Amino acid sequence: MTAFYVLFLFLPNAAAIEPHLSALQVVIPLLAAPICVVLRDPKLSWLWALIVSWVVFFISLVILGKVLAEGVITYELGGWPPPWGIEYRVDAANAFVLVIVGLIGAITLPYARASVAREIPKARIYLFYLMYLLCLTGLLGITVTGDAFNLFVFLEISSLSSYVMIALGSDRRALTAAFRYLIMGTLGATFYIIGVGMMYMMTGSLNMADLSTLLPAVEETRTVLAAFAFIVVGLGLKMAIFPLHTWLPNAYAYAPSVATVFLASTATKVAIYALLRLVFTVFGGTTLFAVTGVQEVLIILALAAIFAAAFVAVFQNDIKRMLAYSSVSQIGYMVLGIGLATTQGLTGGLVHLFNHAMMKGTAFMAMGAIFYVIGSVQLKDMAGLGRRMPISMAAFLVAGLSLFGTPVTVGFISKWQLAQASLALGWWYIAVGILLASLLAIAYVWRVVEVTYMEPPPEGAPKGEAPVSMLVPMLIMAAATIWFGIDGDTTLSVAQAAAEALMGDQP
Amino acid sequence: MMHQKVVLRVVSKLLIPPILLFALYVQWHGDFGPGGGFQAGVIFGSAFVLYAILFGVGVARRVAPPWLMRLCLVAGVLLYGGTGVASLLLGGNYLDYNVLAHDPLHGQHLGIILVEFGVGITVAAAMITIFNVFAGQSGDEE
């Protein structure tokens, strides 16, 4: 990772750009977004979004390299020193999430051109890329900022743009799905800001690092207690933690394929990061997480999510919807990592952010390709698809194997890490739970495999693969699913550094 | 139809210019008194909305065509962000107004005026666009 930082330093003007990298990470997509409206042309706006995505990805890699080599980066926006001004503060944890968002953006965009052209009316395509860039801005902003209120602003930017992206889906049910998400998302954001307001009331500060030193003195007050509750529930809504997940399945199922790939791999991950940051940094100096029972509640909800959502997934006939329920289940694993609240557990949760982005990205990309060719993702239309679209189905199979945690895929790495972390705490029943839940995952993946590989294709069914521009990104993601499953050390060491950065503020 | 209401038409014709002027006052006086880009943008946009209600959306769209509003939406954001980029290029942090002029005080003045003007343009254009879309005729796709 540090290689990218060294490489960057050879660029012309690197010394002048370097101090501003964390601001540029957000500013570039933000200012690039309105340009899409000027461009208007579908191809040009796609190309523009592609270039921006790759620049953003490169910056995120450089930032991660720099953080790993030199430690925390801070940036004073507008030259106002914190805690008065807005501070951008990047440690290993945000740098890791920045890379996930940047990577998914950079891989999704080449894939997007053909899929978006097929699913969205021509006159609206530039709007899709506009909203994508705004969503990217919001997600990167949430990740990069060190200011609790600024986080809310970026949360709204990313949420509003993702509602529009979902509503652009070709199925009319996309509109109700987007509206439902709008209501739930707005509730979540409102709860969060109420919590921030209460913290501000007690401490007079919005800067996260500053709050973490001020909050312990007032942690006994009811206001801070309420603030903590509001923030956990508000962010819980955004990250679709069971039972606050009800907006997610329809939103993912009816959104345009590209929006699903992008949002499923990034949006909930960033919300989880936000919760981590608030719980372990802002409230890190207090004992609220342990004494209020939030820790136990999170573990119970995580286990409930892992089982209930996987169980519901088994009965879905719309495969995008099935994968969406599987996402709720996988989010459970990440929350479990938070709930364990040890460096080892947090490492497992964080590495699962990355690993789940890889496997769910692959699976939804395969669904996008299937929708492109046969115009449906219903299980009944997928008979014999293993022979009709061998490459897409192979990619789906890799993702499926990873979903139930087969060795040599990324799913194994994170589940192993989480199981070990719970054993280290002596909570062996959680490790057993992880194992049992994997069996449920086998059940829902197997249903798809059975129909697509065992049943013969119907007469006159459409054949042939999606365009190369969609297959290559999908195969890269599938390869990454296996690569990081064999070489788990790279991601685990970064996740460990991230977990240590978060837990470092613990007393 | 509103078109026949003579009193409303005359009064609104009298009111619209002061509304626009007041919007500009709120805009440019925002850094000394209450006001600023957002409020000014809403007031400025409301003049167009009043005009559209009384004289028909079609006529209002001739004054403020959708393509122009779209351009204004973009221009405002870019003016805001561009001010930040300008301070980057002049050697400051993003949105550090101090470096925009020969001394920090003037720089702060210039910076906040430019940024608020950007907000004003975008908010006014957004108000007009939202009204146009809801008024039946699509404000976005012709």
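Residues are numbered from 1 along each chain as its sequence is written, while chains are lettered from A and ligands numbered from 1 in the order in which they are written. Because the model is predicted, local features need pLDDT of at least 70 and side-chain atom pairs count only at pLDDT 80 or more, whereas totals for chains, interfaces and linings use all residues.

The model scores ipTM 0.88 and pTM 0.92. Helices (H or I, at least four residues) and strands (E, at least two) are DSSP runs, numbered from the N terminus. Within chain B, helix H2 (residues 37-55) has the highest confidence, at 92, and helix H3 (residues 57-63) the lowest, at a mean of 85. Over residues 138-142 of chain B, pLDDT stays under 50. Two residues are in contact if their C-beta atoms, placed from the backbone, lie within 7 Å; residues 138-142 of chain B have nine contacts beyond four places in sequence. Where pLDDT is low, the predicted coordinates should not be read in detail.

Chain B contains five helices and zero strands, in the order α-α-α-α-α from the N terminus on. Its C-alpha trace spans about 60 × 35 × 15 Å along the principal axes. A residue is buried if 20 or more other C-beta atoms lie within 10 Å of its own, exposed if 12 or fewer, and partly exposed in between, with C-beta atoms placed from the backbone. Of the 142 residues in chain B, 37% are buried. Among contacts in chain B with a separation of 6 or more, 63% join residues 24 or more positions apart.

The contact between the chains takes 14 residues from chain A and 15 residues from chain B. On the side of chain B that touches chain A, seven residues are nonpolar, five polar and three charged. In this classification, Ala, Val, Leu, Ile, Met, Phe, Trp, Tyr, Cys and Pro count as nonpolar, Asp, Glu, Lys and Arg as charged, and the others, Gly among them, as polar.

Two helix pairs of chain A were examined. Axes are lines fitted to C-alpha atoms, for helices over the stretch in contact, and angles run from 0 to 180 degrees between N-to-C directions. Angles under 35 degrees count as roughly parallel, over 145 as roughly antiparallel, 65 to 115 as roughly perpendicular and the rest as oblique. Helix H5 (residues 92-119) and helix H16 (residues 343-374) of chain A pack at an angle of about 0°, with their axes 11 Å apart; H5(A) and H16(A) are therefore roughly parallel to each other. Their contact has 12 nonpolar, three polar and one charged residues.

A:Met208, A:Leu211, A:Ser212 and A:Leu215 of H9(A) meet A:Arg277, A:Thr281 and A:Val282 of H12(A).

Helix H19 (residues 410-424) of chain A has 15 residues and reaches 21 Å from its first C-alpha to its last. This is close to the 21 Å expected at 1.5 Å a residue, the expected span being 1.5 Å times one less than the number of residues. Its buried residues include A:Phe412, A:Lys415 and A:Leu418, and among the elements that cover the buried residues are H15, H16 and helix H20 (428-454) of chain A. H19(A) is followed by A:Gly426, whose phi is positive, near 85°.

Helix H7 (residues 148-167) of chain A holds A:Ser162, and A:Leu151 is also found in H7 of chain A. A:Ser162 is buried, with 27 other C-beta atoms within 10 Å, and touches A:Cys135, A:Leu263 and A:Ala267, not counting residues up to four places away in sequence. A:Leu151 is buried, with 25 other C-beta atoms within 10 Å. Leaving aside neighbours within four places in sequence, A:Leu151 is in contact with A:Ile142, A:Thr145 and A:Ala274.

Key
pLDDT = per-residue confidence, 0-100.
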